[in-house]
Amino acid sequence: MTTPDYSDTHRLFLQALISRRLMTEDAAIQLYAHVSPFDQDDFTDFINTVNDSLSSVELEIRRAQDEATGDKIVALTNTNEQKIAQVATGYSPLELEYFKHLLDAIVMADDELYCISSTAAVNEASKLKNKENKSLQLTKAAAEDLLTRFVHDKWLIKSKTGALSLSTRTLLELQSFLKEAYEEQVQECTLCMEIITKGQRCNVAACAARLHQHCAKTYFENMNNPACPSCRSPWDGKTLIGLAPNVEAPHTIRRR
Ligand SMILES: [Zn+2]
Ligand SMILES: [Zn+2]
């Protein structure tokens, strides 16, 4: 059977993914084996069948690789993400406004850092203007709580040094929004063409080559003298895009 029909197996798999939104590919394959012990279609065919059934409700299972860990992941995403509110449900308009401010500060961060410190993020809350109703402003404590929720809901990642950056979920679910709103700042990996906010960049300032860590690893694996895939200049992998691990993000926001 080459094109499996949609069945209870697909339904069970989808239900589990709906409740988790995002899981590692290993976990998804295990789940698939669990819900269909007798029927082992190719995992890709299986996902394609689920996706066929989802297209009418503007949802899609996307497969990607986590920028920070290189883990392969499977996520349920909205294909019609015109507005953040349609995707990040469960937040008030004011909370979404704050999230948008944070996205803005992260994407526009100077020197392609693609992150802001938690302190800077809390300070951003005071910039939310609500002239009509002062009680609708976010207090510092409310902003701190909200940051915890954004991290818990997997919209933002918080590093050990407190730096906040975009998560795989945000990059997948808000892909079109980010590309449209930040045409100049959003960059793509030279190899996989997906958005990149963490990885390596070419030493040559004029060169646009950017590589995810996992893409760079595969690409340079058997190369004695690593060279930029774009301009061919020597590549040492030490010039980064995104914040280096264990480094603190600046406490004031500087935009590009
Ligand atoms: Zn890549
Ligand atoms: Zn280059």
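Let's start at the zinc ion (ligand 2), which is coordinated by Cys 202 (SG), Cys 207 (SG), Cys 228 (SG) and Cys 231 (SG), at 2.3 to 2.4 Å. Donors here are N, O and S atoms within 2.8 Å of the metal (3.2 Å for Na, K and Ca), and water is not among the atoms, so sites may look incomplete. The four donor atoms subtend angles of 104 to 113°, which makes the arrangement tetrahedral. For four donors, that word asks for all angles between 85 and 135 degrees. Along the chain these donors follow the spacing C-x4-C-x20-C-x2-C. Cys 202 and Cys 207 are both buried, meaning under 20% relative accessible area with a 1.4 Å probe, protein chains only.

A quick word on conventions: this is a predicted model, where local features need pLDDT of at least 70 and side-chain atom pairs count only at pLDDT 80 or more, while totals for chains, interfaces and linings use all residues. Residues are numbered from 1 along each chain as its sequence is written, chains are lettered from A and ligands numbered from 1 in the order in which they are written, and side-chain values use heavy atoms, leaving out hydrogens and water.

Now to the zinc ion (ligand 1). Which residues coordinate this zinc ion (ligand 1)? They are Cys 189 (SG), Cys 192 (SG), His 212 (ND1) and Cys 215 (SG), at 2.1 to 2.4 Å. This site is tetrahedral, with angles of 96 to 115° among its four donor atoms, and the sequence spacing of the donor residues is C-x2-C-x19-H-x2-C. Cys 189 sits in the loop between strand S7 (187-188) and strand S8 (195-196), and His 212 in the loop between strand S10 (210-211) and helix H10 (213-220), so the pair ties together parts that are 23 residues apart in sequence. Helices (H or I, at least four residues) and strands (E, at least two) are DSSP runs, numbered from the N terminus. Cys 189 and His 212 are each buried.

One more residue I'd like you to look at is Glu 112, in the loop between helix H5 (93-107) and strand S4 (115-117). Glu 112 counts as buried because its relative accessibility is 10%. Leaving aside residues up to four places away in sequence, Glu 112 touches Gln 187, Arg 201, Arg 210, Ile 241, Gly 242 and Arg 256, where contact means heavy atoms within 4.5 Å.

Finally, zooming out, the chain has ten helices and eleven strands. Of its 256 residues, 46% count as buried.

Methods:
Four donors count as tetrahedral if all angles lie between 85 and 135 degrees; four count as square planar and six as octahedral if opposite donors are over 155 degrees apart and all others between 65 and 115; anything else is irregular. Buried means under 20% relative accessible area, exposed over 50%, partly exposed in between (1.4 Å probe, protein chains only).
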